[in-house]
Amino acid sequence: MRAVAAVWGAALLVGVSSCSDLSLEPAALRITTPIANPSFRNDIAPVLAASCASSGACHAGPTPQQSLNLEADVARSELVNVPSQFAPSMMLVRPGLPDSSFMFRMLSTDAAYRFNRPRMPLTRYPLPAPVVETIRNWIVNGAADN
């Protein structure tokens with residue numbers, strides 16, 4: 001039993017260390033207050049690119065983690081109305097419904113809300129609350145391609 005746990009722990013550590021610098025603070029510090037009507041191109045995509053798809057991040061390049069590429073030019077099409085691999089009954093982003101959006105739930109600091117999965121992004125610090133609220137507002141407002 002311990003050997004199995006050790007193998008799983010080592011695999012998780014390799015996966016985490018291979019795709020993220022856990023000592024980085026979030027690069028998405030330019031949003032200091034929640035944006036009520038955010039633009040995907042101007043507000044959401046830059047956060048995803050800086051925090052999830054930057055150099056060394058998990059969701060970029062030719063083989064992104066979970067086949068989810070969050071680089072700015074493709075992120076929206078990879079997220080909106082796309083089923084989650086971990087919770088197939090949930091979309092990664094379900095327009096209008098952040099609590100039914102797997103990607104949004106993974107940003108939470110509440111482990112139970114995240115289905116006890118690792119918080120995203122895999123950095124030392126979570127995304128700042130105003131950034132998470134801005135992403136929530138984008139989803140609530142229909143996850144528009146604007």
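The side chain of Arg-114 comes within 3.5 Å of the backbone oxygen of Thr-109. The model is predicted.

**Arg-114**
- Arg-114 is located in the loop between H4 and H5.
- Its relative accessible area is 10%, and because buried means under 20%, Arg-114 counts as buried.
- Beyond its neighbours within four places in sequence, Arg-114 contacts Arg-105, Met-106, Ser-108, Thr-109 and Arg-119.
- Arg-114 and Met-103 are 11 residues apart along the chain, and their C-alpha atoms are separated by 9.2 Å.

**Aromatic pairs**
- The count of aromatic pairs comes to 3.
- One of them joins Phe-40 and Trp-138: the ring centres are 5.1 Å apart and the planes meet at 35°, so the pair is tilted.
- This pair links distant parts of the chain, with Phe-40 in helix H2 (residues 40-51) and Trp-138 in helix H5 (residues 129-140), 98 residues apart.
- Both Phe-40 and Trp-138 are buried.
- Phe-86 and Phe-102 form a stacked pair, at 6.1 Å centre to centre with 25° between the planes.
- That pair also links distant parts of the chain: Phe-86 sits in the loop between H3 and helix H4 (102-106), while Phe-102 belongs to helix H4, 16 residues apart.
- Phe-86 is partly exposed at 40% relative accessibility, whereas Phe-102 is buried, with a relative accessible area of 6%.
- Phe-86 and Phe-102 belong with Phe-115 to one aromatic cluster.

**Charges over rings**
- Arg-117 lies over the face of Phe-86, 3.6 Å from the ring centre.
- Phe-86 therefore has the stacked partner Phe-102 as well as Arg-117 over its face.
- Arg-105, one of the contacts of Arg-114, lies over the face of Tyr-113 at 4.3 Å from the ring centre.

**Leu-79**
- Leu-79 is part of helix H3 (residues 75-79).
- Leu-79 is buried, with a relative accessible area of 0%.
- Not counting residues up to four places away in sequence, Leu-79 touches Leu-48, Leu-68, Leu-70, Leu-92, Val-93 and Met-103.
- The C-alpha atoms of Leu-79 and Phe-102 are separated by 9.5 Å, with the two residues 23 apart along the chain.

Methods:
Residues are numbered from 1 along each chain as its sequence is written. This is a predicted model: local features need pLDDT of at least 70, side-chain atom pairs count only at pLDDT 80 or more; totals for chains, interfaces and linings use all residues. Side-chain values use heavy atoms; hydrogens and water are left out. Helices (H or I, at least four residues) and strands (E, at least two) are DSSP runs, numbered from the N terminus. Buried means under 20% relative accessible area, exposed over 50%, partly exposed in between (1.4 Å probe, protein chains only). Contact means heavy atoms within 4.5 Å. Rings of Phe, Tyr and Trp (its six-membered ring) pair if their centres lie within 6.5 Å; planes under 30 degrees apart count as stacked, over 60 as edge-to-face and the rest as tilted. A charge sits over a ring if NZ of Lys or CZ of Arg is within 6 Å of the ring centre and within 35 degrees of the ring normal. A polar contact is a pair of N or O atoms within 3.5 Å; within protein, one must be able to donate a hydrogen and the other to accept it, and residues adjacent in sequence count only if both atoms are side-chain atoms.
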